[in-house]
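I opened this notebook to record what I looked up in one structure. My entries follow in the order in which I made them.

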Amino acid sequence: MDILTHIFIPLTIIYFFKKELNPYYTFTLALLTLLPDLDKVIGLPGILHSIITLTIIISPLLIIEKITRKSWAYTSIIAFFIFSHLLLDLLDTSPIFPLYPLIDTGLIIEFPMKVSFNNPGFLFIGPPIKILYTKLETGFNTYTGVISGFGIASMLLFITLTMIVKKREKEQA
């Protein structure tokens, strides 16, 4: 999935559930959704697409915030952004390796069902979901999803919804 989609889909969700947050600060935190793709840069694709690895990275942040601020507010938002990357990759048929380093088998979820429109109705062809397994292969990968039409659409959705909310807030004030 492309960079803009990884940033703006979870940003839209968190912005509308946590309206009291500063949108600029939240946008900065949203850039952490790209953290899992750093594994391609270091030559170990899949290592940061692991629930275990990401939990090991996020846990100290939770502990530090709990001790210093007596809350988990920001770290829970960071965790949401980072883990949303895995979910979006699954929806985009990209592999994740949920139990790496314990198991080096990854998951790919495909949605192969097609709808055929025949007179007078329609017909579903194929299974609705298909789970494939893959092995972790090291090496440097190219990142093919920098910007796509869906990413631009998700960015425009965020901007539009933000403008609508701001306008309503001004009208109510």
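**Loops and backbone**

I began with Thr93, which is partly exposed, with a relative accessible area of 39%. Here buried means under 20% relative accessible area, exposed over 50%, and partly exposed in between, with a 1.4 Å probe and protein chains only. The model is predicted: local features need pLDDT of at least 70, side-chain atom pairs count only at pLDDT 80 or more, and totals for chains, interfaces and linings use all residues. Residues are numbered from 1 along each chain as its sequence is written, and side-chain values use heavy atoms, with hydrogens and water left out.

I noted that Thr93 has a positive phi of about 60° although it is not a glycine. Thr93 lies in the loop between helix 5 and strand 1. Helices (H or I, at least four residues) and strands (E, at least two) are DSSP runs, numbered from the N terminus.

I then looked up Pro101, which is in the loop between helix 5 (73-91) and strand 1 (105-110). The peptide bond from Tyr100 to Pro101 is cis, with omega near 15°.

Lys70 is exposed, with a relative accessible area of 64%.

**Rings**

I looked up the aromatic pairs. Rings of Phe, Tyr and Trp (its six-membered ring) pair if their centres lie within 6.5 Å; planes under 30 degrees apart count as stacked, over 60 as edge-to-face and the rest as tilted. The count by this rule is eight aromatic pairs. Phe80 and Phe81 form a tilted pair, because their ring centres are 6.0 Å apart and their planes are at 55°. Phe80 is partly exposed, at 29% relative accessible area, whereas Phe81 is buried, at 0%. The pair of Phe117 and Phe122 is tilted, because the ring centres are 6.2 Å apart and the planes are at 55°. Phe117 and Phe122 are both exposed. I also recorded a cluster in which ring pairs link Phe8, Tyr15, Phe16, Phe27 and Phe158.

**Whole chain**

I read the secondary structure as six helices and four strands. Along the sequence the pattern is α-α-α-α-α-β-β-β-β-α. The C-alpha trace spans about 55 × 50 × 25 Å along its principal axes. Of the 173 residues, 34% count as buried.
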